[in-house]
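Colleague: Please show me the model and take me through its local packing. Keep the answers brief.

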Amino acid sequence: MKSGMDIGSFHFDQPVFLAPMAGVTDTAYRIIAHDMGCPLCYAEMVSSQGIHFRNEKTLSMLASEPEERPLAMQIFAATPEMAAEAAAFVEARGTSDILDFNMGCPAPKIVKNHEGSALMRDPERAFAIMKAVRRAVKMPFTVKMRLGWDEENINAVELAKLAEKAGVDAIAVHGRTRAQFYAGQADWQKIAEVKQAVSIPVIANGDVRTCADLKKILEVTGADGVMIGRGAQGNPWIFKRMTHYLATGEELPPPTMQERAEVIMRHLDLLLKYKGDYIGPREMRKHATWYTRGITHGAVLRDKFNRATTRKDFEIILEEHLK
């Protein structure tokens, strides 16, 4: 099994990373993923505009705990000036170890502001932003991109070469275009073309849910590491299973319902700690439905979760189910 990669001064023996996901990869989930063996978590993306205007909610997203380090913070921006200012602010904050820049988010509200994957339509601007960020910070710097805007405009190789030229330390490539959003299949072969075009590390992303997927994506792409997004929703065990697989070649069994219940409650307790008694349980609903995907009587359980408003509610629902 191929293993080991560097991002700047950081070395990762089993490079299976948690992808940045808005509304998912907050402190609570990152701590759990880290406990489950994830060597590097990417935080949910943070607006450079929000940092510039010192928006309270934005700044709160830059908080972290010692037990989730090393940690990568991700910013998004439309201009070199805004990106550089935000990058310097994040570095000075000292709450993360790696800075990531988003050129992959397909959300319409991001794209309409010339941010996220919109930058793949403007390589000149993307290059200027990457150079500005590299000048602004000393910390390791990565970028996350897609294959291109649409099927007719696949330019990840061009962008990756510009990233390398700008001094970026590693590139994560999601094997879909912006036009695909999250539909269809990720094109791992196109990620392989990026890997062959640059000498900096490449992290492959898209459709990795099992150890067989992990083995295949590494074989097809030749990538240095893998980033897990939706496959990690309600499934932090994926990191324990995949890092173990890379290290030993053997697959661990999936979690039992008892293990799922314990982690659901731990996740809820962390959400209560960081988000309070009102928001915590309500945010936990979506996580709890993900944690119980594919289990017997799962639909009934999820229906109950979606009405839960307190810690006690979750406790009772799980106890009844375990009986």
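Predicted model: local features only at pLDDT ≥ 70, side-chain atom pairs only at ≥ 80, totals over all residues.

Modeller: Residues are numbered from 1 along each chain as its sequence is written, and side-chain values use heavy atoms, with hydrogens and water left out.

Colleague: Which backbone oxygen lies 2.9 Å from a polar atom of the side chain of Ser-117?

Modeller: Ser-117 sits in the loop between helix H5 (108-111) and helix H6 (123-136). Helices (H or I, at least four residues) and strands (E, at least two) are DSSP runs, numbered from the N terminus. Beyond residues up to four places away in sequence, Ser-117 touches (heavy atoms within 4.5 Å) several residues, including Met-103, Cys-105, Trp-149 and Arg-178. The backbone oxygen in question is that of Cys-105.

Colleague: Is Ser-117 buried or exposed?

Modeller: Buried means under 20% relative accessible area, exposed over 50%, partly exposed in between (1.4 Å probe, protein chains only). Ser-117 has a relative accessible area of 1%, so the residue is buried.

Colleague: Which backbone nitrogen does the side chain of Asn-102 reach?

Modeller: Asn-102 belongs to strand E7 (residues 98-103). Its relative accessible area is 5%, so Asn-102 is buried. At 2.9 Å, the side chain of Asn-102 reaches the backbone nitrogen of Gly-104.

Colleague: Which residues have the most contacts inside the largest nonpolar core?

Modeller: A nonpolar core is a set of buried Ala, Val, Leu, Ile, Met, Phe, Trp, Tyr and Cys residues joined through side-chain atoms within 4.5 Å. The largest one has 95 residues, and its largest share, 13 residues, comes from helix H11 (residues 257-291). Leaving aside neighbours within four places in sequence, the contacts of Phe-101 include Ile-75, Phe-76, Leu-119, Ile-129 and Phe-141. Those with the most contacts inside the core are Phe-101 and Phe-239.

Colleague: How many residues has the other core that lies apart from it?

Modeller: Among its members are Ile-7, Phe-12, Ala-19 and Tyr-42. The count for this other core is 13 residues.

Colleague: Within what arc do the buried residues of H9 fall?

Modeller: In helix H9 (residues 211-221) the buried residues are Cys-211, Leu-214, Ile-217, Leu-218 and Thr-221. Seen down the axis, they line one face of the helix, because the arc (of the directions from the helix axis to the C-beta atoms) is 125 degrees.

Colleague: Which residues are exposed on the other side of H9?

Modeller: The buried residues of H9 are covered by elements including strand E3 (16-18), helix H8 (188-197) and helix H10 (237-248). On the other side, the exposed residues are Ala-212 and Glu-219.

Colleague: Which residue in E11 is the bridge partner of Asn-205?

Modeller: Two strands pair if DSSP finds at least two bridges between them. E10 and E11 are parallel, paired over three bridges. For Asn-205 the partner in E11 is Met-227.

Colleague: What is the handedness of the crossover from E10 through H9 to E11?

Modeller: Just after H9, Gly-222 takes a positive phi of about 70 degrees. A crossover is right-handed if, with the strands pointing away from the viewer, the path from the first strand over the helix to the second runs clockwise. This β-α-β crossover, from E10 through H9 to E11, is right-handed.

Terms used: Polar contact = N/O pair within 3.5 Å; in protein donor to acceptor, adjacent residues only side chain to side chain.
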